[in-house]
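Colleague: I have a structure open and would like to go through it. Can you put it up and take my questions as they come?

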Amino acid sequence: MLSLIRVPVFRRVWFGQLVSMIGDGVYTVAVTLYLLGRNDASHALGTLLGSTALGTVLALTVGGAIADRSRRSLVVVAADALRAAAIGCLLVAGSDAHLLSLAAIGTIFGLGAGLHRPAYAALLAELGGREKRREVSALRSATSRFAAVLGPAIGGWIAASWDSVTAILVDVCTFAISVITLVALRETKPPKEGAERPGILREAAEGVGYVVRQRWMFAIMLQGTAQAALVAAPVAVLLPFVAGHRGAASLSMVTSAEALGSLAASLLSSRLRPNRPGAVALGSLLLELPLLIAMMLDSTTLVIAACSAMAGAGMGIFAVIWGSALQERTPVGMMGRVFALDSLLMSAVSPVFVAMAGYAIGTFSVSSICAFAAVSLVVTVVGVLPFPGVLKFGAETPAHEAQPAPLKG
């Protein structure tokens, strides 16, 4: 991974995105504290997070195709601009903004996030080169985890020392740094096919067709959809809600612990070469069970933080192995669409389930919601293991089956 950072162009892009991701961590803590003073805090947080997920889903439907036919650096710049605009609207609307306003703001922010994900992943893979795909996947995962450790810590410190508004403004500044590192980049633009080139929706559909033909890949993405809805969505609302009411320091500690565990696992996982990568990756997801049990039992902040670190480690292992498999078995010209579909399927049902989780807190106990998520986690992981190719993440797929279908007309 260090060999990638030694390349000046790659290092510049990587550093700008690292700063931006640290800002995302600051925003996660700051926006939670910004809204917790409301009487309907759980509803407001659920609405904002749910609408953000909705905007992400909408953008991902065409985000991959846009990334595959445009300069990916400019797509990332546009995505940063959208998210910065959304944050500005949130500050103008105020912490007591109407739920409809929060929904609109969250949707705009999500649109930027949905455009950013596939373009950023494909840009780093392009700059790193085909022979460095595993290293790029590990570095990308480790970077996001490191930023998620540092960002919440910085956000909690700024919010405690000044206020949540100051922390949110710091996040806006990180977008500016990201843009500065990208505006002069001259990466290779994907070649056009003249008048024969299909429309953007058709290109997006071709990406879907490619993934469906790789049955193991499609099965894992569907597993991600189920887990995002039934496990990740409740945790996304429960964890900041439970920790946030214990103070800024507790929220920062729990959020950073998850990212710290994920960072450590990401760094170590880059050297893993398991015979059955799918079994190892999926099994690592079960490390989220202790966190659900800890919240169910209303454990101390230290126990929840330790379990959060374990959950993060599991997600870090999965992210590196899964990301490497996607990069190694996807043609360069299809990469943006495959990354977009992966994010899309994992995010498709999040808007509804995140919003439902926010409202469920007022109806059901935290322990009952955690119990439901724990059972769902086991079922979604175990249920996908029998599918052909899943245990080895498609390692036995013949080379000719891994190529995209040729364009027609």
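Colleague: Is R83 buried or exposed?
Modeller: This is a predicted model, and in it R83 has a relative accessible area of 4%. The cut-off for buried is under 20%, so R83 counts as buried.

Colleague: Which residues does R83 form salt bridges with?
Modeller: One partner is D24, with the closest N and O atoms 3.7 Å apart. R83 also forms a salt bridge with D80, and there the closest N and O atoms are 2.7 Å apart.

Colleague: Where do R83 and D24 sit in the chain?
Modeller: R83 is in helix α4 and D24 is in helix α2, which covers residues 8–35. They are 59 residues apart, so this pair links distant parts of the chain.

Colleague: What about D80 and R83, where do they lie?
Modeller: Both are in helix α4, three residues apart, which is about one turn of the helix. An α-helix has 3.6 residues a turn, so residues three or four places apart point the same way. D80 and R83 are both buried. Through shared partners, the salt bridges join D24, D80 and R83 into one network.

Colleague: How many salt bridges are there in the whole structure?
Modeller: Three. One of them pairs R38 with D40, with the closest N and O atoms 2.9 Å apart. R38 is buried at 14% relative accessibility, while D40 is partly exposed at 25%.

Colleague: Back to α4. What should the span of that helix be?
Modeller: Helix α4 has 22 residues, 72–93, and at 1.5 Å a residue it should span 32 Å. The C-alpha atoms at its ends are 32 Å apart, so the two values agree.

Colleague: Let me zoom out. How many helices and strands does the chain have?
Modeller: There are 16 helices and zero strands. The chain has 409 residues, and 55% of them are buried.

Colleague: What share of the contacts join residues at least 24 apart?
Modeller: Counting contacts between residues at least 6 apart in sequence, 88% join residues at least 24 apart.

Colleague: New topic, aromatics. How many aromatic pairs are there?
Modeller: The count comes to six aromatic pairs. One is F318 with W322, which is stacked, at 6.3 Å centre to centre and 25 degrees between the planes.

Colleague: How many residues apart are F318 and W322 in the helix?
Modeller: Four residues, in helix α13, which runs over residues 301–328, so they are separated by about one helical turn. F318 is buried, with a relative accessible area of 11%. W322 is also buried, at 5% relative accessibility.

Colleague: What kind of aromatic pair do W322 and F393 form?
Modeller: An edge-to-face pair, 5.3 Å centre to centre with 65 degrees between the planes. W322 lies in helix α13 and F393 in the segment after α16, so the pair ties together parts that are 71 residues apart in sequence. Like W322, F393 is buried. W216, F318, W322 and F393 form one aromatic cluster.

Colleague: Which residues have the most contacts inside the largest nonpolar core?
Modeller: M217, M221, W322 and F393, in a core of 64 residues. Helix α9, residues 215–244, gives this core its largest share, 14 residues. Nonpolar side chains tend to be buried together in soluble globular proteins.

Colleague: What does M217 touch?
Modeller: Leaving out residues up to four places away in sequence, M217 touches Y210, V211, W322, L326, T330 and V338. Apart from that core lies another, of 24 residues, including I5, V75, A119 and A147.

Key
Residues numbered from 1 in each chain as written. Predicted model: local features only at pLDDT ≥ 70, side-chain atom pairs only at ≥ 80, totals over all residues. Heavy atoms only, no water. Helix = DSSP H or I, 4+ residues; strand = E, 2+ residues; numbered from the N terminus. Expected span 1.5 Å × (residues − 1). Phe/Tyr/Trp six-rings, centres within 6.5 Å; stacked < 30°, edge-to-face > 60°. Buried < 20%, exposed > 50% of the residue type's maximum accessible area, 1.4 Å probe, protein only. Core = buried A, V, L, I, M, F, W, Y, C linked by side-chain atoms within 4.5 Å. Contact = heavy atoms within 4.5 Å. Salt bridge = Lys/Arg side-chain N within 4 Å of Asp/Glu carboxyl O.
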